[in-house]
Amino acid sequence: MQNVRLFLVLALGFLLLLLWNAWQQDYGQRPVAVEDTAQQEPAAPAPAATPDSDSSPTVPGAIPGSGTAAATTVRVVTDLLDLDISTQGGDIVRAQLPTHAQSNDDDTPYTLLARQPGLYYIVQSALQADNAQAPGLDAVYTAEAESYSLQPEQNTLVVPLVWEAEGVRVTKRYFFERDSYVVRVEHEVQNTGSAAWRGFQFAQLRRTAPQERGGFLLGAQSYTGGVLHTPDDRYNKIDFDDMAKGTLQQDAEAGWIAMLQHYFLTAWVPPEQGVHRFFARAVDGQYILGMSSPWRTAEPGSTVSYDARLYLGPKEQDRLAAVATDLELTVDYGILSFIAKPLFWLLDKIHDFIGNWGWSIVILTLLIKLVFFKLSETSYRSMARMRKMQPKMQQLKERFGDDRQKLNQALMELYKKEKINPLGGCLPILIQIPVFIALYWMLLESVELRHADFMLWINDLSSPDPFYVLPILMGLSMLLQQRLNPAPMDPVQQKIMTFLPIVFTAFFLLFPAGLVLYWVTNNVISIAQQWVITRRIEAGEE
């Protein structure tokens with residue numbers, strides 16, 4: 001039993017090391033800016049095409065300016081979005097989310113997109129034509145108004161931008177809807193000339209690598225980077241190093257691309273019809289993940305349209321699932337998603353009934369304990385019997401002294417005589433470890449818990465307890481639970497077990513309050529169950 005306990009302590013240390021390594025992979029060394037890796041458009045017609053090396057010599061660098069002198073911005077405000085559209089390229093150059101605060105100490109709307117020192121993150125879409133004029137990323141559009149706002153009586157808002165050249169008129173329209181983070185983007189090409197117009201649309205997400213880094217087990221630790229998803233290549237992560245290599249060029253019918261960060265994402269979703277080309281590259285320290293449509297032709301006097309949808313917002317699973325197939329996979333719970341997703345579904349249903357995420361975690365913990373009730377009961381019975389045999393085990397230790405072989409043989413005979421399984425207290429705990437890890441990532445990744453109020457001083461379940469009350473209670477509960485367990489016979493193991501609550505308390509000072517709340521609740525229920533079983537066995541009732 002003592003050796004198994006020591007093994008569990010070492011396994012815990014190894015688990016913490018894995019968490020540290022995972023953090024280092026996502027938030028360690030940042031990629032180095034590289035030169036543009038040009039991708040040339042095929043000379044012959046193709047079902048889809050990639051834009052040329054950049055096609056936008058006036059696009060700003062890492063710390064951009066405001067574009068050309070003729071460019072202005074158009075502000076658009078809906079119930080869920082507040083953004084600026086530049087007339088240069090029709091790019092979305094700023095996006096804030098009014099229903100999500102920047103932080104608990106700063107109630108200004110969360111900034112998702114911006115062109116400012118330290119954060120260059122924009123959304124672009126443009127056209128490229130074959131031997132004809134088309135509004136590229138450097139084109140300057142004309143706007144009908146300087147600002148648009150979704151009025152209370154409106155459910156849809158349309159923002160048109162117009163670009164004209166000899167023989168072609170392009171209207172770029174943004175469609176916004178109430179209670180939606182989805183923006184539909186349309187390019188309508190009217191061929192007013194005498195020759196056929198042939199071109200394609202490309203759309204891309206463009207940003208610099210994030211500069212902020214969270215501390216160990218503190219803040220955002222989920223994946224930050226790009227993702228490509230197609231029916232044949234599901235949820236393929238394209239990190240900043242991959243974009244710098246510029247090797248991605250993949251054709252697929254349906255799918256989507258996204259830039260992910262903790263709690264939020266931007267994603268381009270093409271129409272389901274037609275083969276689109278997905279690409280990635282780096283330009284002057286900026287990382288680009290994009291897609292291009294099939295070629296289309298507008299005969300003289302006719303019109304063609306290109307369409308795509310853009311998601312700008314939080315990782316709310318119900319909303320994401322309604323936008324595109326598997327877009328909810330961007331809520332990345334890791335390899336234990338098959339456990340984490342049902343846990344979140346249950347937590348969400350409980351919250352729908354209670355309306356408080358903290359109490360929902362408490363009830364979810366109780367339900368998990370009920371599921372593992374028999375396993376826990378087996379574990380606690382084994383520990384209680386071991387505790388009851390402590391005097392006899394101590395006598396054996398005094399009798400055989402340092403003769404480890406004879407002591408272990410005598411202990412095995414005692415276990416057999418008293419029908420005690422020395423592993424009975426450990427195996428049920430091991431079975432529950434994957435559930436705890438899945439719950440950890442579920443609570444860490446779910447945007448619903450961001451700034452979620454519980455009670456009293458705990459007003460953000462996704463951040464550490466500001467007064468460290470929950471971690472201290474967790475440490476005290478571990479200490480109390482240890483007193484109900486049989487003490488290790490080995491002095492070294494006794495010291496390890498004595499310091500374990502202190503070590504856990506130190507780690508949990510940095511854990512999200514929601515996870516610590518789960519652990520404290522779990523410990524309190526476990527202590528009550530273990531105390532009852534231990535008392536019955538020591539009284540000879542079982």
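Modeller: α5 contributes the most residues to the nonpolar patch, namely 5. This is a predicted model, in which local features need pLDDT of at least 70, side-chain atom pairs count only at pLDDT 80 or more, and totals for chains, interfaces and linings use all residues. Residues are numbered from 1 along each chain as its sequence is written, and side-chain values use heavy atoms, without hydrogens or water.

Colleague: Which residues make the nonpolar surface patch?

Modeller: F353, I354, W359, I363, L366, L367, L370, M455 and L456 form a patch of about 900 Å². Patch residues have over 30% relative accessible area and no salt bridge, and nonpolar side chains are joined within 5 Å. α4 (337–354) and α5 (357–371) each supply at least two of the patch residues.

Colleague: Is L370 buried or exposed?

Modeller: L370, found in helix α5, counts as exposed because its relative accessibility is 54%; exposed means over 50%, buried under 20%, and partly exposed in between, with a 1.4 Å probe and protein chains only.

Colleague: Turning to T78, where is it found?

Modeller: T78 is in the loop between β1 (73–77) and β2 (82–86). T78 is buried, at 7% relative accessible area.

Colleague: And which residues does T78 touch?

Modeller: Leaving aside residues up to four places away in sequence, T78 touches L150, L157 and F176, where contact means heavy atoms within 4.5 Å.

Methods: Patch = residues over 30% accessible without salt bridge, like charges linked within 9 Å, V, L, I, M, F, W, Y side chains within 5 Å. Areas by Shrake-Rupley, 256 points an atom, 1.4 Å probe, with all protein chains shown as cover. Salt bridge = Lys/Arg side-chain N within 4 Å of Asp/Glu carboxyl O. Helix = DSSP H or I, 4+ residues; strand = E, 2+ residues; numbered from the N terminus.
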